Amino acid sequence: MHSPLHYLLLGLTALLRNRLQTALAMLGVTVGVGALVASLALGRGAQESIKDQLLAAGANMIVVTAGNYATQKTQGTEPAADHARFTPPVDPLQFIARLAAARRDLLARGYAAHNIDAALRAGAGLPVSAVASTGRLQRVHFEDDPMAEHDHPTAKERLGDSMAGLGAAATLTLDDAVAIREQIPGVQFAASGVHENARIAVDGDPTRQWFTRMHGTESRLPDIRRGWVFPFGEFLTERQVADAEQVMVLGRFAADKLFGAGANPVGKRVILWNQPFEVVGVVGSTSWAQQPAAGDDQFDALYIPVTTVHRLLNLSKLNTITVTTASAGDTTRIAGEITALLRQRHGIGEAMADDFTVRTQAQEMLGKGLSPELARIVGGNLATMEQLTIEQLSTSLQRANRTMLALLAGVATVSLLVGGIGVMNLLLLSVTQRTREVGLRMALGARRRDIARQFVSEAVVLCLVGGVLGAGFGVLAANGLEEFFQWSTAVSPLSAVLAIAVAAALGVLSGVYPASRAAQLDPIGALQHE
Amino acid sequence: MPVISLQNLKKVYKLGDNTVNALRGVSLDIEEGEFVAITGPSGSGKSTMMHILGCLDRPTEGHYLLNGNDVSNLSRDELADIRNRQIGFVFQGFNLLPRTTAAENVEVPLLYSRPVLPASERRARALEALRAMGLTDRAFHHPSQLSGGQQQRVAIARALVNRPTLILADEPTGNLDTATSIEVMRLLQELREKQKITIVLITHEPDIAAYGTRIIAVRDGIIISDKPNVPRRVSDEPEALPLAAVG
């Protein structure tokens, strides 16, 4: 055995003899290896994209909402347990009677009729049919309509308000958020939130207005909401929140509606509640699964400091506290600890229901995109389904991804096979052309394996060069797919190494047959070959 | 001990239903330092003899002892080793690799000798063999840049590079003009006289055979005459040219 360099030079010298044929055979290998690298990059890209989407969807997110959806609960801390089974709808007549009673009650307390109706319609964000079918009408507080004139009961007065609808009760405070953040291990971030519907207009041009979702929040929200990107400006700063400044981050959709598509509104002023707010940023989505759309609550929305909301509206309540856990597997445990902590902080006795609702993102996701009927059934069975959801979702996505990957790998394999046939063809030509040389080398003492090695190394050199080129083209192709078709790809150095190894193996495989033909030549006949 | 000892050597080829008796019982001893010219018309069996002597082919019957070892029944790869270490070939068509320098051509037999020689050692021995042939300044020329005589001298350097005991020259002057042929024959004579290398020359030209110390005539697969010869000297040639002018 000589050094690999010896065989490399031997192979190269031989290949330079038939340049055109060599180039064509090499092209075949290049295409095959390129297809392999590109498909590996696509597969990996899909894998990472799935992971990103899952994280963007908030696999590690817990949302604590004021009020308790499961009103009649008397024992225990898991609101979902109340829905462990599907509950048949109540009698519609009974529902209408309760609705009327609630309306009378609110009128008696001096609230304006149109506000009550709007609030009842809004319910807990559920369609009336869904409210009806749950059979539970929530008492709704008109302070959820900031456009109305009202006085503001403090959170303390409202504590224990377990009959309130989801998000409508005023049971959560900023201190609750601080306590969750500081007292529960494994909590990564906790952001307070007040959410209202709000009408906003461009300062100086009241005709440019939009009705959207207002989120009073804290500076850490972008850490919780993965998949956010800021095309203009940045998110609220800690300072702006601490000082309750009148600054605003617009969702991409809302910004486009106010200022025109793609415009940069940073530095402009927007009027909310007759107050000027300076736009400091625009938030968009990095995720193909979540493009900004009307009513999406994230990008058809505006974000201002929660402290500013409290100051301007003279509030102290929170609608939600959004929590992320350091590890996605921890959400169930931490949800339990949050429940215990808040029950203790709110002084809720053993026999009393929670005045808040803790939901993990898994529960949210299951409900999303389902018809209300289906969502209710799913929600009712969440206790058992929760532990499966994220894993199952990711498993089924990955299964789909594997199918696609298998298809691509199949294409790559066929290309490689065709490339290998091309190389074999060239080698057979080479053996025929060089029969005399083979005979000479045999006469001078080459053994059969020496001859075989020579031709195999020729094939390997050819395939290696083709493989390196193919790896390069594969990377380019992957980048092109990402650039022009927005497919997510990820080229790993390992896949390039693998591709080149595959090319070398292809060289050996396609070289073996021509090489053995050469090695079996009869030296006398070969020497006399013309 | 003779370098070559053939004992009742027979070779039968089967061509379809016909059998061709190329050699029909050849017995022959060649001693070290002999310069044997084997002559005969085409179809006489001299090429077959050459192939068997060169360990490129095996006899159908009989024995071939090379340096005392019976090589009649060795495997292909064992024969390749014998060719590599003990036999130097000089062919009619030179058989140099194209687009390959003279030095690289001379190195080819060293590539297949074991243990493997380091590249620097191979190169040194190739250059040494080329120097002995007076081709030092042509070592890095390609065959296409060399004259016929120079090409044949490169081929002789290649035959000598592995220090064989036997040189087999198959019509070495067939492609050369008279002056160059004489020069090549003078080189072969020198090898025999200075290095005691045994030379077997196959030719159909009587005046080339005349350079040998012994002339064997073959016809129809048997030896018809085997006579010692007073070798013709290059200096006998009236048209002999000085070496420098031959090139």
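**Ground rules.** I'm working on a predicted model, where local features need pLDDT of at least 70, side-chain atom pairs count only at pLDDT 80 or more, and totals for chains, interfaces and linings use all residues. Residues are numbered from 1 along each chain as its sequence is written, chains are lettered from A and ligands numbered from 1 in the order in which they are written, and side-chain values use heavy atoms, with hydrogens and water left out.

**Entry 1: B:Asp77.** I started in helix α2 (residues 76–86) of chain B, where B:Asp77 sits; helices are DSSP runs of H or I, at least four residues, numbered from the N terminus. Buried or exposed? B:Asp77 is buried, at a relative accessible area of 16% (buried is under 20%, with a 1.4 Å probe and protein chains only).

I then looked up its partners in chain A. Not counting residues up to four places away in sequence, B:Asp77 touches A:Arg447, A:Arg448 and A:Arg449 (contact: heavy atoms within 4.5 Å). A polar atom of the B:Asp77 side chain lies 3.3 Å from the backbone nitrogen of A:Arg448. A:Arg448 also forms a salt bridge with B:Asp77, with the closest N and O atoms 3.5 Å apart (the rule: a side-chain nitrogen of Lys or Arg within 4 Å of a carboxyl oxygen of Asp or Glu). I find one salt bridge across the interface of chain B and chain A.

**Entry 2: the interface.** For chain B, 22 residues are in contact with 25 residues of chain A. About 2300 Å² is buried between the two chains, 55% of it from carbon and sulfur atoms (accessible area, 1.4 Å probe, lost on being put together, summed over both parts). B:Arg76, B:Asp77 and B:Tyr112 supply 29% of what chain B buries against chain A, more than any other three residues.

I counted nine residue pairs in polar contact between the chains, both at pLDDT 80 or more. On the chain B side, α2 and α3 (102–111) are the elements giving two or more residues. The largest share, six residues, comes from α2(B).

**Entry 3: the core.** Which residues have the most contacts inside the largest nonpolar core? They are B:Ile4, B:Leu6, B:Ile38, B:Tyr64 and B:Leu66, in a core of 69 residues (buried Ala, Val, Leu, Ile, Met, Phe, Trp, Tyr and Cys joined through side-chain atoms within 4.5 Å). Helix α17 (residues 448–485) of chain A gives the most to this core, nine residues.

Key: Buried < 20%, exposed > 50% of the residue type's maximum accessible area, 1.4 Å probe, protein only. Polar contact = N/O pair within 3.5 Å; in protein donor to acceptor, adjacent residues only side chain to side chain.
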